[in-house]
Amino acid sequence: MSEFPAVAPEFGPVVAPDAQVRGQAEARQSELTKPVGALGRLETLGNWVAACQGVCPPRQFQRARVVVFAGDHGVARHGVSAYPSEVTAQMVANFLAGGAAVNVLARLADATVRVVDIAVDGDTDPSVSKYKVRRSSGRIDREDALTEAEVNAALAAGKAIADEEIDGGADLLIAGDMGIGNTTPATVLIATLTDTEPVLAVGRGTGIDDAAWMRKAAAVRDAMWRARSHRHDPVALLRVAGGADLAAAAGYLAQAAARRTPVVLDGVVITAAALLADMLAPGARAWWVAGHRSTEPSHARALDRLGLDPLVDLDMRLGEGSGALTALPVLRAAVATLADMATFADAGVSTADETTRVPSEPTP
């Protein structure tokens, strides 16, 4: 971005999904050719989509869109990851070539992928670096992740990206992440907001050994000490202990909710951003569903704080949007069953009430 905004962007009031349409969807579920409640959570998911779209029956998603927010973190130099920071830029190229897990899963789930370089510590293709804020966020155990101008720019970038996707026709959004070391700031944010001790919040990330885990726990502890006075200020918390990619993801999630667009959340990094987005745009969580629960212990704590129950739990820890995309076919199934199943009346199938009703006495 050529000029950084002077202030953080505002996110308009978040209107809840349409309760009246949700009621219509619940009523329709009782008319479909199945016992009431027999499809379990598929029914509540379908009702949620109908409420988000404001129409019953709901429409199948026509343009599901994944945006992967890429950025490096200075704390990675502290040895908290199993991979070097150079991998981030290499993976951005892999996303563009269509060879990453997110690309494969998106093709299967009928979604498309966009990657944006928010803070990669290196050069990337100009097509993805329009919103680049800086090269790598600061080492949060010793210094702030961003300046005030940079966190404002990252939030504004996320907001603008959401607007671009929604204006381009996206009817379902997913946020993904790519950045070596990014589970460290994500854990700091979640542990700070949920009052969790570092040793209970720190996971294995990319598969680190015990020595790296101890370094990561120490970095999280020190960053939490620096962050604790900002726990009620989402912008300051992202500036001190987050990063440009996390701030951009938070802006993206907040703006999606403000614009009444449903989102499938991914793993620990994106769910950390979601905690901040719900502070930036109170009520935003009503527009989100959790795609999965990762193996990172802080992820479960963040989901609990948001009141979200994941759709799948497959011991995944990749990021990129991979867990959300794995869950997307489940959400599509919820829409399809509510929209396309025949009703008892259409199919000429007797209802439970009709089969158990006692015949009336004949008229004399």
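This is a predicted model: local features need pLDDT of at least 70, side-chain atom pairs count only at pLDDT 80 or more; totals for chains, interfaces and linings use all residues.
**Entry 1: ground rules**

I number residues from 1 along each chain as its sequence is written.

**Entry 2: the strands**

I took helices (H or I, at least four residues) and strands (E, at least two) as DSSP runs, numbered from the N terminus. Two strands pair for me if DSSP finds at least two bridges between them.

I began with β1 (residues 64-71), which runs parallel to β2 and is joined to it by 8 bridges. In this pairing, A70 has D117 of β2 as its bridge partner. β1 also runs parallel to β3, with 7 bridges between them; here V67 stands opposite A175. On to β4 (residues 263-265): this strand pairs with β3 in the parallel sense over 2 bridges, and V264 in β4 is the bridge partner of I174.

Next I looked at burial, where buried means under 20% relative accessible area, exposed over 50%, and partly exposed in between (1.4 Å probe, protein chains only). In β2, 7 of 9 residues are buried. In β3 the count is 7 of 7. In a regular strand the side chains alternate between the two faces of the sheet. For β3 I could list both covered faces: L172, I174, G176 and M178 lie on one side, and L173, A175 and D177 on the other.

For contacts I used heavy atoms within 4.5 Å. A polar contact is a pair of N or O atoms within 3.5 Å; within protein, one must be able to donate a hydrogen and the other to accept it, and residues adjacent in sequence count only if both atoms are side-chain atoms.

Where does R139 sit? I found R139 in the loop between β2 (111-119) and α5. R139 counts as buried because its relative accessibility is 13%. Its side chain makes a polar contact of 2.8 Å with the side chain of H78. Not counting residues up to four places away in sequence, R139 touches G74, V75 and H78.

D163 belongs to helix α5 (residues 148-167). Leaving aside neighbours within four places in sequence, I see D163 in contact with Q255 and R259. With R259 there is a side-chain polar contact of 3.1 Å.

L280 is in helix α11. At 16% relative accessibility, L280 is buried too. Beyond its neighbours within four places in sequence, L280 is in contact with F11, L155, P234, V235 and A250.

**Entry 3: empty space**

Rolling a probe the size of a water molecule over the atoms shows where empty space is left. On a 1 Å grid over the protein atoms alone, a cavity is a set of points where a 1.4 Å probe fits but cannot get out, and a pocket is an open set with protein on both sides within 12 Å along at least five of seven lines; lining residues have an atom within 4 Å of a point. Grid points are joined across faces, edges and corners, and a volume is the space filled by probe spheres set on the points. I sorted linings into nonpolar (Ala, Val, Leu, Ile, Met, Phe, Trp, Tyr, Cys and Pro), charged (Asp, Glu, Lys and Arg) and polar (the others, Gly among them).

I found 1 cavity of 30 Å³ or more. The largest cavity holds about 30 Å³. Its lining consists of F69, D177, D245, L246, A249, V269, I270 and A273, with 6 nonpolar, no polar and 2 charged residues. α10 (244-258) and α11 (268-280) each give at least two of the lining residues.

The largest pocket holds about 420 Å³. Of its 25 lining residues, N182, T206, R317, L318 and G319 are the closest to the centre. I count 9 nonpolar, 12 polar and 4 charged residues in this lining.

How much space lies in the second largest pocket? About 160 Å³. Among its lining residues are R22, W48, W288 and D309. The largest share, 4 residues, comes from α2.

Technical notes. Side-chain values use heavy atoms; hydrogens and water are left out.
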